[in-house]
Amino acid sequence: MRLTVNGIESEISSPPLTPLLHVLRDELDVTSPKAGCQQGGCGTCTVLVDGEPRRSCLTPVAAVDGASITTLEGVGEPERLSPVQAAFYEKYAAQCGFCTPGMIMAATALIDRKGGPVERDEVLEALGGHYCRCTGYVKIVDAVMAASRGEVGDVQDLPVSEAGEPSVEVHGSPA
Ligand code: FES
Ligand code: FES
(Lines give C-alpha, C1' and ligand atoms only; values in the text may rest on other atoms or scores of the structure.)
(Ligands and ions follow the chains in the order given, each with its own letter.)
Protein backbone atom coordinates (compact mmCIF):
# COMPACT_ATOMS: atom_id res chain seq x y z
CA MET A 1 0.00 0.00 0.00
CA ARG A 2 1.05 3.57 -0.63
CA LEU A 3 -0.06 6.87 0.82
CA THR A 4 0.85 10.41 -0.06
CA VAL A 5 0.88 12.33 3.22
CA ASN A 6 1.33 16.08 3.00
CA GLY A 7 2.87 15.65 -0.43
CA ILE A 8 5.31 12.90 0.52
CA GLU A 9 4.66 9.44 -0.90
CA SER A 10 5.39 6.48 1.38
CA GLU A 11 5.17 2.71 1.19
CA ILE A 12 3.06 1.46 4.10
CA SER A 13 4.01 -1.71 5.94
CA SER A 14 1.27 -1.77 8.62
CA PRO A 15 -1.38 -4.51 8.26
CA PRO A 16 -4.30 -3.51 6.00
CA LEU A 17 -6.85 -3.10 8.79
CA THR A 18 -4.64 -0.80 10.85
CA PRO A 19 -6.48 2.47 11.46
CA LEU A 20 -5.08 5.30 9.36
CA LEU A 21 -4.62 7.18 12.65
CA HIS A 22 -2.04 4.66 13.86
CA VAL A 23 -0.31 4.46 10.51
CA LEU A 24 0.13 8.23 10.57
CA ARG A 25 1.24 8.46 14.17
CA ASP A 26 3.20 5.27 14.71
CA GLU A 27 4.58 4.38 11.27
CA LEU A 28 5.00 7.79 9.67
CA ASP A 29 5.55 9.93 12.82
CA VAL A 30 2.83 12.38 11.78
CA THR A 31 1.45 13.21 15.22
CA SER A 32 -0.98 16.10 14.77
CA PRO A 33 -3.98 13.73 14.40
CA LYS A 34 -4.78 12.90 18.02
CA ALA A 35 -5.94 9.59 19.45
CA GLY A 36 -9.00 10.67 21.40
CA CYS A 37 -12.02 8.38 21.72
CA GLN A 38 -10.85 6.16 18.83
CA GLN A 39 -14.50 5.34 18.24
CA GLY A 40 -15.44 8.07 15.78
CA GLY A 41 -17.10 10.30 18.33
CA CYS A 42 -14.75 13.20 19.12
CA GLY A 43 -13.22 14.38 15.83
CA THR A 44 -9.70 15.04 17.03
CA CYS A 45 -8.23 12.45 14.64
CA THR A 46 -9.76 14.14 11.57
CA VAL A 47 -7.57 14.36 8.47
CA LEU A 48 -8.35 15.14 4.85
CA VAL A 49 -8.50 12.17 2.47
CA ASP A 50 -8.40 13.51 -1.08
CA GLY A 51 -9.67 16.79 0.35
CA GLU A 52 -12.56 15.37 2.39
CA PRO A 53 -12.55 15.23 6.19
CA ARG A 54 -12.40 11.69 7.55
CA ARG A 55 -12.07 10.18 11.03
CA SER A 56 -8.71 8.49 10.74
CA CYS A 57 -9.43 6.29 13.78
CA LEU A 58 -12.24 4.57 11.88
CA THR A 59 -10.49 4.35 8.51
CA PRO A 60 -8.59 1.14 7.75
CA VAL A 61 -5.47 2.07 5.87
CA ALA A 62 -6.32 -0.38 3.07
CA ALA A 63 -9.48 1.64 2.37
CA VAL A 64 -7.40 4.68 1.46
CA ASP A 65 -4.60 2.93 -0.43
CA GLY A 66 -3.22 5.39 -2.99
CA ALA A 67 -4.98 8.39 -1.46
CA SER A 68 -3.62 11.82 -0.73
CA ILE A 69 -3.77 12.58 3.00
CA THR A 70 -3.48 16.06 4.46
CA THR A 71 -2.89 16.67 8.15
CA LEU A 72 -2.30 19.81 10.13
CA GLU A 73 1.41 19.56 9.28
CA GLY A 74 0.46 20.04 5.63
CA VAL A 75 -1.61 23.22 5.83
CA GLY A 76 0.80 25.82 7.13
CA GLU A 77 4.28 26.62 8.37
CA PRO A 78 5.26 28.13 11.73
CA GLU A 79 6.43 31.21 9.80
CA ARG A 80 3.38 31.27 7.53
CA LEU A 81 0.20 30.00 9.15
CA SER A 82 -2.79 29.04 7.05
CA PRO A 83 -5.76 31.44 7.39
CA VAL A 84 -7.58 29.02 9.72
CA GLN A 85 -4.49 28.49 11.86
CA ALA A 86 -3.89 32.23 12.08
CA ALA A 87 -7.52 32.87 12.99
CA PHE A 88 -7.40 30.26 15.77
CA TYR A 89 -4.31 32.01 17.11
CA GLU A 90 -5.78 35.51 16.88
CA LYS A 91 -9.17 34.58 18.32
CA TYR A 92 -7.78 32.48 21.19
CA ALA A 93 -9.66 29.47 19.80
CA ALA A 94 -7.31 26.89 21.34
CA GLN A 95 -6.54 26.19 24.94
CA CYS A 96 -4.98 22.75 25.57
CA GLY A 97 -4.98 22.18 21.80
CA PHE A 98 -5.97 18.53 21.82
CA CYS A 99 -9.06 19.09 19.69
CA THR A 100 -7.43 21.75 17.52
CA PRO A 101 -5.90 19.66 14.70
CA GLY A 102 -9.23 18.01 13.93
CA MET A 103 -11.11 21.30 14.20
CA ILE A 104 -8.71 23.03 11.83
CA MET A 105 -8.82 20.23 9.26
CA ALA A 106 -12.62 20.13 9.23
CA ALA A 107 -12.80 23.93 9.03
CA THR A 108 -10.24 24.01 6.23
CA ALA A 109 -12.29 21.51 4.23
CA LEU A 110 -15.45 23.55 4.79
CA ILE A 111 -13.85 26.79 3.62
CA ASP A 112 -12.21 25.11 0.62
CA ARG A 113 -15.53 23.56 -0.36
CA LYS A 114 -17.46 26.82 0.03
CA GLY A 115 -14.79 28.99 -1.58
CA GLY A 116 -15.93 32.09 0.32
CA PRO A 117 -17.49 33.32 3.55
CA VAL A 118 -19.20 30.66 5.63
CA GLU A 119 -22.14 31.29 7.93
CA ARG A 120 -22.37 30.31 11.57
CA ASP A 121 -24.82 27.48 10.85
CA GLU A 122 -22.45 25.99 8.30
CA VAL A 123 -19.59 26.02 10.80
CA LEU A 124 -21.79 24.41 13.44
CA GLU A 125 -22.72 21.66 11.03
CA ALA A 126 -19.14 21.06 9.86
CA LEU A 127 -17.81 20.96 13.42
CA GLY A 128 -20.86 19.25 14.87
CA GLY A 129 -19.03 16.02 15.70
CA HIS A 130 -15.97 17.72 17.14
CA TYR A 131 -15.65 18.01 20.90
CA CYS A 132 -13.67 20.62 22.79
CA ARG A 133 -13.39 20.41 26.55
CA CYS A 134 -11.58 23.70 27.08
CA THR A 135 -12.60 26.72 25.08
CA GLY A 136 -16.31 26.44 24.70
CA TYR A 137 -17.15 26.75 21.04
CA VAL A 138 -17.80 30.46 20.49
CA LYS A 139 -14.18 31.41 19.80
CA ILE A 140 -13.70 28.41 17.52
CA VAL A 141 -16.76 29.26 15.43
CA ASP A 142 -15.73 32.94 15.33
CA ALA A 143 -12.25 31.94 14.14
CA VAL A 144 -13.56 29.78 11.30
CA MET A 145 -15.92 32.54 10.14
CA ALA A 146 -13.12 35.12 10.29
CA ALA A 147 -10.79 32.87 8.29
CA SER A 148 -13.44 32.34 5.62
CA ARG A 149 -13.82 36.12 5.30
CA GLY A 150 -10.11 36.82 5.16
CA GLU A 151 -10.38 38.76 8.41
CA VAL A 152 -7.05 37.53 9.67
CA GLY A 153 -4.01 39.67 10.33
CA ASP A 154 -0.40 38.85 9.60
CA VAL A 155 0.53 36.75 12.62
CA GLN A 156 4.14 37.26 13.61
CA ASP A 157 6.42 36.68 16.58
CA LEU A 158 5.15 33.18 17.23
CA PRO A 159 7.27 31.25 19.71
CA VAL A 160 9.75 29.12 17.79
CA SER A 161 11.43 25.95 19.02
CA GLU A 162 15.10 26.37 19.82
CA ALA A 163 17.57 24.27 17.86
CA GLY A 164 18.17 21.06 19.78
CA GLU A 165 15.07 21.48 21.92
CA PRO A 166 13.71 17.98 22.57
CA SER A 167 10.41 17.21 20.90
CA VAL A 168 7.69 15.54 22.95
CA GLU A 169 7.25 12.12 21.45
CA VAL A 170 5.95 9.22 23.44
CA HIS A 171 5.31 6.22 21.23
CA GLY A 172 1.68 5.18 21.50
CA SER A 173 0.64 8.23 23.52
CA PRO A 174 -2.44 10.12 22.32
CA ALA A 175 -0.88 13.62 22.46
S1 FES B 1 -10.21 9.67 17.98
FE2 FES B 1 -11.25 9.51 16.08
S3 FES B 1 -13.19 10.41 16.44
FE4 FES B 1 -12.22 10.41 18.40
S1 FES C 1 -8.69 23.27 23.33
FE2 FES C 1 -8.63 21.66 24.81
S3 FES C 1 -10.06 20.22 24.05
FE4 FES C 1 -10.27 21.90 22.73
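Predicted model: local features only at pLDDT ≥ 70, side-chain atom pairs only at ≥ 80, totals over all residues.
Residues are numbered from 1 along each chain as its sequence is written, and chains are lettered from A and ligands numbered from 1 in the order in which they are written.

The protein chain holds five helices and five strands, where helices (H or I, at least four residues) and strands (E, at least two) are DSSP runs numbered from the N terminus. Along the sequence these elements follow the pattern β-β-α-β-β-β-α-α-α-α. The C-alpha atoms fill a box of roughly 45 × 40 × 30 Å along the principal axes. The radius of gyration, taken over C-alpha atoms, is 16 Å, which agrees with the value near 16 Å for a compact globule of 175 residues; the globule rule is 2.2 Å times the number of residues to the power 0.38. Buried residues make up 42% of the 175 residues, a residue being buried if 20 or more other C-beta atoms, placed from the backbone, lie within 10 Å of its own.

The chain is divided into domain 1 (2-74) and domain 2 (83-148), with bounds from an automatic or database domain assignment. Their centres, taken over C-alpha atoms, are separated by 20 Å. In all, 14 residues of domain 1 are in contact with twelve residues of domain 2, contact meaning C-beta atoms, placed from the backbone, within 7 Å. On the side of domain 1 that touches domain 2, β3 (46-49) and β4 (52-55) each give two or more residues, and β3 has the largest share, with three residues.

Within the helical part, α3 (residues 100-114) and α5 (residues 138-148) pack at an angle of about 35°, with their axes 10 Å apart. Axes here are lines fitted to C-alpha atoms over the stretch in contact, and angles run from 0 to 180 degrees between N-to-C directions. Met103, Ala107, Ile111 and Lys114 of α3 meet Ile140, Val144, Ala147 and Ser148 of α5 in this contact.

Helix α5 is largely enclosed by the rest of the structure, because eight of its eleven residues are buried. Among them are Ile140, Val141, Met145 and Ser148. The cover over the buried residues of α5 includes α2 (83-90), α3 and α4 (120-126). After α5 comes Gly150, whose phi is positive, near 70°.

Note on methods. Contact = placed C-beta atoms within 7 Å. Buried ≥ 20, exposed ≤ 12 C-beta atoms within 10 Å, placed from the backbone.
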